Structure formats: structure tokens, C-alpha cells
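Open the model in your viewer and keep the selection tool handy. We will go from stop to stop, with a note on what to select and what is there.

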Amino acid sequence: MPLDDYPPLTAASDRQQLKLSERLFATRRLSLDIARPLSPEDQTVQAMDDASPTKWHLAHTTWFFEELLLKPFLPAYRIFDDRFAYCFNSYYNSLGERHPRPKRGLLTRPRADEVIAYRAHVDENLRRLFEAPFQEGARSLIEVGINHEQQHQELMLTDILALFAANPLRPAYRTEAPEPAALEGGAGEWRAVKGGIHEVGHRGGGFAYDNESPAHEVLLRDFRIFSRAVTNGEWLAFMEAGGYQTPSLWLADGWGAVEGEGWRAPLYWERVGDVWHQMTLYGLRPVEAARPVTHVSYYEAEAFARWAGGRLPTEFEWEIASLGEPQPAPFDFARLLPSPAEDGVSPMFGGVWEWTASTYLPYPGFKSLEGPLGEYNGKFMCNQMVLRGGAALTPDGHMRPSYRNFFYPHQRWQMTGLRLASDA
């Protein structure tokens, strides 16, 4: 549902306010739960330019509520520290200057405990906001704020993995690791999908980002999509067949990345003796053949698909194929790896973010929102590729057929994988 379609809350909608407040504060608590196993030192360091420190995520999501909700909608709101806006603004040019993203790891101050105090101050005032009828527009901003913080929760986890993977001690974020995958994963099968004119995009009925709209029709040819994601075992076969040494499999920019970055395996894979291991949030583990491959770039996914005799689906093929797919189980700290396929089938939601062949572009008739939220999605519609589906780290409510994730084709620190498609 577009943001402007959310009705303002009134005194007659107390039950809706309660439900919204429960969701808000449950989201705020989960962010703290994600940070709980970390030391103050863990929360301060930035592993790479693409990642951000956990402390920064905790503060940025708090600044978002302070700046966009409390300042305009809560009378006499007292800003916690007016210096924080510069430190914790991300990319909102309309809201002022900001600290450079690649240098967020230099923000040793404010301390981690001061960030927690900042969150407590903002949460207290968010509760005050719920004590009176909402002004028009406040509910929309709370919905955006909840979904925004949930996106950052996934980023917190992938950024923690990037940090711990760079540490020579290879620490584990969680120790209650799942048992090694005993399943082979199954051979899988091709599923035929009928072409024709299909409606894609968000059709209403719940929150959606502006980049999922407007719904519109597309013409698709008959195609096939595989019943499961590509596995680690299949990726090992690609590597053993010289996939990373065969220029003819790669797009020109992809081969440039292979040579320039020295890629020989997915990110976080390393040899321990004669065995490939993978750094995970549970620490360093032997690569399990049955689990979906993760942390591969678009370039790698496209090269693998060519080697395997298939291709990547377009984002619209993926969306139509996913209709009617079951939703995954709720997020669980005991399940921070994608599950292996059962009987050759892996769900299209909740395993890995799956690369598509589609560039991230606006839908016909798309218009960015007015004000700062217009910077949320629209200005990134250039040079990026669309991913669909959601991963094991993706929050509840962020896995739906129309959801469009997007990354640059060389990036691979997110839990990204692929599923093959082919022409009918």
C-alpha cells in the first residue's frame, strides 16, 4: 500500500494504535537482542566500506525516528544531542550534512552505552507519542520506521559476519550452531511457468515500499524455473571445472572483478587443509554441499548459470513463479544459515536472496515520494541489479512476491545466491 493511502489514526482507532505500538517496540527490542552478544569493541569497528558498525546501526535507526517522527509530531520534543544528526544520518541529503560512510568505524564517540541511552530516550518519547491521537501522517512514518529498522537488522547481522570473518580468531557470533546438513538436497526438477500477460508489483493489502509500485502488466514468454536454489556442492563442481579460470563464462566486468579481486570461491570460503570451509555467524564450518550457496556476486551467479546451461530469471519471471509459495518460519537466532533443500525443493522465500537478470529501474508511472522519504529508493535506480526472495537473516514481513532488493553486481557480503531459469 502506498504511504499516502494509510489513514491517519484517530481516537476511535485505539486498537490499531496498540497493535502498531506492539510491533514498533518489538522491533526496537530485537535490534538490542542482535547487539547483545557483542562487546563495545565489536560494535565500533567497521569491516569494510559497504558495512557499518553495529553501534552505528543502533543509532541511525534511532535518529530516523527522532528526525522524521518525533521532531515534527511530538510537541516540545527535546533532541537528545544535536550533534548526532551529523554522525548518524545515512544518505538523506535533504536532512543535512553527514559523516562519510567509509569512516563510520572512526566514531569511537559516542560510546556504545551513550547510544543505548539515546535509544532509551527516543523510545520513551515514542511511547509518549502513543498516548494521544495521532496527527495525520504519523502512522505512515511509524510503518516506514519499523520496516526501515528491520532492514537494518539484516544489515547488522551481515555486517557482524563481515567483521568476524576479518578477525584472525574467527569468532562465532552465536554458539548454538545447527547440526551439519545430513540431507543430500535432492536432484531437483524444472518447473514450467506459463507465459502471457501478467500483473506484477504490489497490489495492495499491507505495507510496501514505493519501488514496488505501481502494479502493471508485463508480457512473459513460457519459461522454466528450478525447484531449488543452487547448492554449495554444485558450486564446488563449478570451481573444480575451472569456472573461475575460464574467461568465456564471464561478462567483461565480471572477469575484470575476478582478475582484480582475485576471486576463486564465494566470499567467506577458505581452505583448511584439503577441505573448503565457510565463515558463518556460527564461526568457521566445513562447507556443506546440500546448503544453498551464499555470498556470491551477480557476476558469479551469471557465470555459473552460463556454465550450467541455464540463465538467471528476470525479476518478473521470479515474481510470477513465486506466487502461492509458502512464507518461511519467523526469524530465529538458531537458524542463521539457509536450510538445505528437502526432496529437491527449496522455498523461494527465506533461504537466500536470489539474483535476477533485471536491472533496478523504476516501474512505469513510478514517482518518488515527496520529502526525505523520496530519497529512500528512487535515487538508487541506476547500475544495480534486482534480487528477490529474502534470506535466512531477513526479518518477518520482508518476504513477499513484489519485494525488490537491489545491490551492485560486484557486491557479495549479503546472503546472496541464485536459482536457475531457462527458456521453455
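In which strand is the place of Asp-423? Select Asp-423 and you land in strand E12, residues 421–423; helices (H or I, at least four residues) and strands (E, at least two) are DSSP runs, numbered from the N terminus.

Before moving on, a word on what you are viewing. This is a predicted model, in which local features need pLDDT of at least 70 and side-chain atom pairs count only at pLDDT 80 or more, while totals for chains, interfaces and linings use all residues. Residues are numbered from 1 along each chain as its sequence is written, and side-chain values use heavy atoms, with hydrogens and water left out.

**Stop 1**

Asp-423 has a relative accessible area of 52%, so it counts as exposed (exposed is over 50%, buried under 20%, partly exposed in between, with a 1.4 Å probe and protein chains only). Now show its contacts, meaning heavy atoms within 4.5 Å. Leaving aside neighbours within four places in sequence, Asp-423 is in contact with Asp-222, Phe-223, Arg-224 and Arg-311.

Next, select Ala-192, in strand E1 (residues 190–193). Its relative accessibility is 72%, so Ala-192 is exposed. Not counting residues up to four places away in sequence, Ala-192 touches Phe-223 and Arg-224.

Ala-192 to Val-352 is 22 Å in space, and the two are 160 residues apart in sequence.

**Stop 2: the annotated spans**

Color residues 192–324 and 342–421, which an unreviewed UniProt entry annotates as "domain: Sulfatase-modifying factor enzyme-like". UniProt positions are given in the numbering used here, feature names are shortened, and annotations may be inferred rather than shown by experiment. Residues 192–324 are 28% helix and 23% strand, and the end C-alpha atoms of that stretch are 15 Å apart. Residues 342–421 are 0% helix and 21% strand, with end C-alpha atoms 19 Å apart.

Then give another color to residues 26–156, where the unreviewed UniProt entry places "domain: DinB-like". That span is 59% helix and 0% strand, and its end C-alpha atoms lie 17 Å apart.

**Stop 3**

Select H5 (112–129). How far apart are the end C-alpha atoms of H5? They are 26 Å apart, which agrees with the 26 Å that its 18 residues should span at 1.5 Å a residue (the expected span is 1.5 Å times one less than the number of residues). Buried residues in H5 include Val-115, Tyr-118, Val-122, Leu-126 and Leu-129. As background, an α-helix has 3.6 residues a turn, so residues three or four places apart point the same way.

H3 and H5 pack at an angle of about 30 degrees, with their axes 10 Å apart. That makes H3 roughly parallel to H5. Here axes are lines fitted to C-alpha atoms, for helices over the stretch in contact, and angles run from 0 to 180 degrees between N-to-C directions; under 35 degrees counts as roughly parallel, over 145 as roughly antiparallel, 65 to 115 as roughly perpendicular and the rest as oblique. Among the residues making the contact are Leu-58, Trp-63, Phe-65 and Phe-73 of H3 and Val-115, Tyr-118, Arg-119 and Leu-126 of H5.

**Stop 4: helices H7 and H9**

Select H7 (residues 232–240) and H9 (residues 298–307), whose axes come within 11 Å and cross at roughly 80 degrees. H7 and H9 are therefore roughly perpendicular to each other. Show side chains to see Glu-234, Trp-235, Ala-237 and Phe-238 in H7 meet Glu-300, Ala-301, Ala-303, Phe-304 and Trp-307 in H9.

**Stop 5: backbone details**

Most residues other than glycine have a negative phi, and most peptide bonds are trans. Here are some exceptions to select.

- Arg-109 to Pro-110: this peptide bond is cis, with omega near 0 degrees. Pro-110 is in the loop between H4 (84–88) and H5.
- Ser-213 to Pro-214: this bond is cis too, with omega near -5 degrees. Pro-214 is in the loop between strand E2 (196–200) and strand E3 (216–220).
- Ala-76: phi is positive, near 65 degrees.
- Tyr-268: phi is positive, near 75 degrees. Tyr-268 is in the loop between helix H8 (252–261) and strand E5 (269–272).

Last, is Tyr-268 buried or exposed? Tyr-268 counts as buried, at 11% relative accessibility.
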